[in-house]
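Please open the model in your viewer and keep the selection tool at hand. This tour moves from one selection to the next and says what can be found at each stop.

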Amino acid sequence: MTGSVLPLLYLDVDGPLIPFGAPSQEYPTYPATPGAPEADANPLLARIDPGLGTRLAALPCELVWATTWMSEANAYIAPRLGLPPLPVVDWPDPTAVDEHDEWSGLHWKTRGLVDQAAGRSFAWVDDEITDTDRHWVAAHHRGHALLHRVDPRRGLTDADFAALGVWLRHESAPVGT
């Protein structure tokens, strides 16, 4: 890392922030943050732990939504977490290359995230990351990257924050420290 450029943290919503899994599994529900849209906009919003916002904001990185929620993440998710509006990855329209990537097991987000990072160090938090994605990023991204898979049945946990914190602190440290 040079200067004060922080690594990016690409954050998915469904799975990492909104846990889901077996229909019989019980999930805690949280009241809406004052001023945040009510859960009736989407009943799964009540599964978002508002305490995650403080933890995410404390990480040494630039948070970026990498989700199919697109700009709705800023309308519905950020207020529940107490976060300001965040940049949003603008997903390109699918191409024949994307169809080939999917056939070979590469996640449809992978190529776009590497393109957007443009060599900048990044962490990607998602519940659908595979070793195929990790190998592709290692071969095609000139910066450092951490592809961190979250268990979608649990969402982000203390262990996830610990792993992200260690990696992000290392990446954001001035050279020579």
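Helices (H or I, at least four residues) and strands (E, at least two) are here DSSP runs, numbered from the N terminus. The model is a predicted one, in which local features need pLDDT of at least 70 and side-chain atom pairs count only at pLDDT 80 or more, while totals for chains, interfaces and linings use all residues. Residues are numbered from 1 along each chain as its sequence is written, and side-chain values use heavy atoms, with hydrogens and water left out.

**The whole protein**

Begin with a cartoon view of the protein, whose secondary structure comes to six helices and four strands. Followed along the sequence, these elements give the pattern β-α-β-α-α-α-β-α-β-α. Of the 177 residues in the protein, 42% are buried, where buried means under 20% relative accessible area, exposed means over 50%, and partly exposed lies in between (1.4 Å probe, protein chains only). Contacts, meaning heavy atoms within 4.5 Å, can also be sorted by sequence distance: among those between residues at least 6 apart in sequence, 66% join residues at least 24 apart.

**Helix α1**

Select residues 51-58, which form α1, and colour Leu 52, Gly 53 and Leu 56, which are buried. Seen down the axis of α1, its buried residues fall within an arc of 105°, so they line one face of the helix; the arc is that of the directions from the helix axis to the C-beta atoms. An α-helix has 3.6 residues a turn, so residues three or four places apart point the same way. On the face of α1 turned away from its buried side, look for the exposed residues Thr 54 and Ala 58.

**Helix α2 and what follows**

Move on to α2, where Ala 73, Asn 74, Ile 77, Ala 78, Arg 80 and Leu 81 are buried. The buried residues of α2 pack against α1 and β2. After α2 comes Gly 82, whose phi is positive, near 75°. Which residues other than glycine have a positive phi? One of them is Met 70, with a phi near 50°, and this residue lies in the loop between β2 and α2, where Met 70 is partly exposed with a relative accessible area of 27%. Another is Ala 118, with a phi near 50°, which lies in the loop between α4 and β3 and counts as partly exposed at 47% relative accessibility.

**A pair of tryptophans**

A search of the whole structure finds two aromatic pairs, where rings of Phe, Tyr and Trp (its six-membered ring) pair if their centres lie within 6.5 Å, and planes under 30 degrees apart count as stacked, over 60 as edge-to-face and the rest as tilted. Select Trp 91 and Trp 108, whose ring centres are 5.0 Å apart and whose planes meet at 70°, so the pair is edge-to-face. Trp 91 lies in the loop between α2 (72-81) and α3 (96-103), and Trp 108 in the loop between α3 and α4 (110-117), so the pair ties together parts that are 17 residues apart in sequence.

Next, select Ala 123 in strand β3 (residues 122-126), which counts as buried at 0% relative accessibility. Leaving aside residues up to four places away in sequence, Ala 123 touches Leu 8, Leu 9, Tyr 10, Leu 146, Leu 164, Trp 167 and Leu 168. If you draw a distance from Ala 123 to Leu 168, the C-alpha atoms are 7.8 Å apart, although the two are 45 residues apart in sequence. From there go to Leu 146, which is found in strand β4 (residues 145-149). With residues up to four places away in sequence again not counted, Leu 146 touches Phe 122, Ala 123, Trp 124, Leu 164 and Trp 167. Between Leu 146 and Ala 163, which are 17 residues apart in sequence, the distance from C-alpha to C-alpha is 9.8 Å.
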